[in-house]
Amino acid sequence: MKGKVSKVKKGKEKVSTGPVFLFPGPEGWEAWSTTEDGVQCVGPVESPQKLEVEAGAVVCLPSRSFFSIPLWIPVEEGIGARELAKIALESKNLLGQNPDTAVWAMEPIRTETVPAVGDGEPGSRQLEAVAVLAGTLEEDWLLESAGRYEIAGRVLPAPGGGASAVMRLELGRWVVDFYSNGKWLHTQPLLAKDLQAGAATEVASLLAQMDAEGTLGALSQLVVRDDGEISGEARQTLSQLPCPVRMEARAVPRLPAWPWDL
């Protein structure tokens, strides 16, 4: 990862010069912050409550707290994108048993022209990155000191290229973050616990599905971000994916330009 990172124990934190991120790391919750001496990471611990950060911290939600779906919605005059997204989610039965109380967030990715059908006029559709909370947030994640809630993959920098993906460990489980033109698009937890054939098969299936839906496009690269050693077998397995694969250290969280409605 870029910059100087110091792992410190609780009670030895240095004064932060920017926002503090409570992040679901590979082995547990961590507090990331920037100090005069560089970037520091405190943790891991079992719960964000044990980090005892000052007011204004950004709590980054893990993938198990929500499900995300890249969603095409029509652009219609007089009807807001959020309402159209809700209608689309309800039609897919993705708002659960209590759709009126579901909380979701969305971010526009790109807009495309839709060819005219019959004698109709050409229209347009907009791709949205949509996240729906899977249920109530765990009590340990609700912090009085929190200033903002975000999705973990959204606070991580996207790799270069128009369409890219990142594999990372999150609370002991591998997940894949997908990005389009530098914007977070989708996070998918994997069933496979190790970077072996099962993980590669899952990623390939996800790529095929997103390609069929026209949501991602040709993947420019897949990056595995992990501070541990990746075995030769895992590298060989991942090299079979239909895109370049590279390894790099974990990235430092950063604050997006605007918050989501979470």
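**The largest cavity**

Modeller: The lining of the largest cavity divides into 6 nonpolar, 3 charged and 1 polar residues, where Ala, Val, Leu, Ile, Met, Phe, Trp, Tyr, Cys and Pro count as nonpolar, Asp, Glu, Lys and Arg as charged, and the others, Gly among them, as polar. The model is predicted: local features need pLDDT of at least 70 and side-chain atom pairs 80 or more, while totals for chains, interfaces and linings use all residues. Numbering runs from 1 along each chain as its sequence is written, and side-chain values use heavy atoms, without hydrogens and water.

The lining is made up of Phe23, Gly25, Pro26, Leu156, Val166, Arg168, Leu169, Arg225, Arg250 and Ala251; each has an atom within 4 Å of a cavity point. Strand β10, residues 163–170, gives the largest share, 3 residues. The cavity holds about 80 Å³ of space, the volume filled by probe spheres set on grid points joined across faces, edges and corners. Counting cavities of 30 Å³ or more gives 1, a cavity being a set of points on a 1 Å grid over the protein atoms alone where a 1.4 Å probe fits but cannot get out.

Of its 262 residues, 46% are buried, meaning under 20% relative accessible area with a 1.4 Å probe, protein chains only. Among contacts with a separation of 6 or more, 62% join residues 24 or more positions apart, a contact being heavy atoms within 4.5 Å.

Methods: On a 1 Å grid over the protein atoms alone, a cavity is a set of points where a 1.4 Å probe fits but cannot get out, and a pocket is an open set with protein on both sides within 12 Å along at least five of seven lines; lining residues have an atom within 4 Å of a point. Helices (H or I, at least four residues) and strands (E, at least two) are DSSP runs, numbered from the N terminus. Buried means under 20% relative accessible area, exposed over 50%, partly exposed in between (1.4 Å probe, protein chains only).
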